[in-house]
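Let's take a walk through this protein together, beginning with the whole chain and then stopping at a few individual residues. Have the structure open as you read.

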Amino acid sequence: QVQLVESGGGLVQPGGSLRLSCAASGNIFSINSMGWYHQAPGKQRELVARIRSDGSMNYADSVKGRFTISRDNAKNTVSLQMNSLKPEDTAVYYCNADVNTNKFIAGLYWGKGTLVTVSS
């Protein structure tokens, strides 16, 4: 079993910054990729940013230039630095990881989510 625990959400004013962190623990052989998704009320969950084991990254167009994803492979953690936040960034943010629990078995795991509210 693999657990993902997010932290760092909260209330911030438009233009402000927040940093989200996620730590993976449990039966981990290796992690292929880690990422962040968000889900606003009444909308589908969408990819925000993803970083692979080779360091390659991709971002949603809506956050390019404002958000930065980073990863610590030794600690199995991923972070999302969010700058210049906008009200439309308000959502629950979920950590996601593609984890190999041994050489032959991989699975997708999710955290429980952390709420980010951007409002004045």
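## The overall fold

This is a predicted model. A compact globule with 120 residues would have a radius of gyration near 14 Å, and the protein agrees with that, at 14 Å.

Of the contacts with a separation of 6 or more, 53% are between residues 24 or more positions apart.

## Surface and charge

Buried residues account for 39% of the 120 residues. The accessible surface comes to about 6,500 Å², and 49% of that belongs to carbon and sulfur atoms.

As for charge, you will find 12 positive and 8 negative side chains. The centres of these two sets lie 3 Å apart.

## Serine 79, in a strand

Look next at strand S8, which covers residues 77–82 and holds serine 79. Is serine 79 buried or exposed? Serine 79 counts as buried because its relative accessibility is 11%, and the cut-off for buried is under 20%.

Leaving aside residues up to four places away in sequence, serine 79 touches Arg19, Leu20, Ser21, Trp36, Thr68, Ile69 and Ser70.

## Glutamine 44, in a loop

Glutamine 44 sits in the loop between strand S4 (30–39) and strand S5 (46–52). With a relative accessible area of 68%, glutamine 44 is exposed, since the cut-off for exposed is over 50%. Not counting residues up to four places away in sequence, glutamine 44 touches His38 and Gln39.

How far apart in space are glutamine 44 and tyrosine 109? Their C-alpha atoms are 18 Å apart, and the two residues are 65 residues apart in sequence.

## Two residues with positive phi

Asparagine 76 is not a glycine, yet it has a positive phi of about 55°. Asparagine 76 is placed in the loop between strand S7 (67–72) and S8, and it is partly exposed, with a relative accessible area of 21%.

Serine 84, also a residue other than glycine, has a positive phi near 50°. You will find serine 84 in the loop between S8 and strand S9 (91–100). Its relative accessible area is 40%, so serine 84 is partly exposed.

Methods. Residues are numbered from 1 along each chain as its sequence is written. This is a predicted model: local features need pLDDT of at least 70, side-chain atom pairs count only at pLDDT 80 or more; totals for chains, interfaces and linings use all residues. Side-chain values use heavy atoms; hydrogens and water are left out. Helices (H or I, at least four residues) and strands (E, at least two) are DSSP runs, numbered from the N terminus. Buried means under 20% relative accessible area, exposed over 50%, partly exposed in between (1.4 Å probe, protein chains only). Contact means heavy atoms within 4.5 Å. The radius of gyration is taken over C-alpha atoms; the globule rule is 2.2 Å times the number of residues to the power 0.38. Accessible areas come from the Shrake-Rupley method with a 1.4 Å probe; for residues, only the protein chains shown count as cover. Lys and Arg count as positive and Asp and Glu as negative; His and the chain ends are not counted. The place of a charge is taken as NZ of Lys, CZ of Arg, CG of Asp or CD of Glu.
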